[in-house]
Amino acid sequence: MNPGSGSTASSGAASPEIADRIPQGVDLLLPGSKKVLAKTLCGYGADLMICYGFPWKFPPSALRATSLGAINVHTSMLPKYRGPIPVNWAIRNGDPEIGVSIHWMDEEFDSGGILIQESGIVLDDDVLPGRIWGAVDGFISRFLPTALERVGEGFPGTAQSRADAFSVGEMS
């Protein structure tokens, strides 16, 4: 999906596969633009927005549109590689491994309190997408229930260190 175009071609193509895996009673929303996101979420009366692999910075109105807020699944050990495509940056920079962080969303890219995170997904010399994303999926399957439990308990997350932040906008 090209975030500037509002096109949903790639997300629309993935919808049937994703929809088959969603637990019964959970709705999937694939917005065509961030302009309509807050209005759509308010219309749903959603409790929580869960974001994964979404390259847009959400407007504050969308982050406040649910009763519990918004969380994000991020494929780096935040605060490292805040922003889009963190796995690509880790590969580019020769990192030996990546991790998964689930955190509260706020008005900045990937800077909210961390609900849960763990490293240990090895980036071999011969990086194979199927192996990486399979491992990421395993981490998410293990972590998401804990993250949701912490959301329900009102846990604000562990604050990220600004000193350790390495955002993609800072890279050359």
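Q: Is Asp-110 buried or exposed?
A: This is a predicted model, where local features need pLDDT of at least 70, side-chain atom pairs count only at pLDDT 80 or more, and totals for chains, interfaces and linings use all residues. Residues are numbered from 1 along each chain as its sequence is written, and side-chain values use heavy atoms, leaving out hydrogens and water. Buried means under 20% relative accessible area, exposed over 50%, and partly exposed in between (1.4 Å probe, protein chains only). Asp-110 has 8% relative accessibility, so Asp-110 counts as buried.

Q: Where does Asp-110 lie?
A: Elements are DSSP runs numbered from the N terminus: helices are H or I, at least four residues, and strands are E, at least two. Phi of Asp-110 is positive, near 55°. Its place is the loop between β4 (97-104) and β5 (114-122).

Q: Within what arc do the buried residues of α2 fall?
A: Leu-37, Ala-38 and Leu-41 are the buried residues of α2 (residues 37-44). Seen down the axis, they line one face of the helix, because they fall within an arc (of the directions from the helix axis to the C-beta atoms) of 95°.

Q: Which residues are exposed on the other side of α2?
A: The buried residues of α2 pack against β1 (48-52) and α3 (60-63); contact means heavy atoms within 4.5 Å. On the other side, the exposed residues are Lys-39 and Gly-43.

Q: What is omega for the peptide bond from Leu-78 to Pro-79?
A: Pro-79 lies in the loop between β2 (69-74) and β3 (80-82). Most peptide bonds are trans. The bond from Leu-78 to Pro-79 is cis, with omega near 15°.
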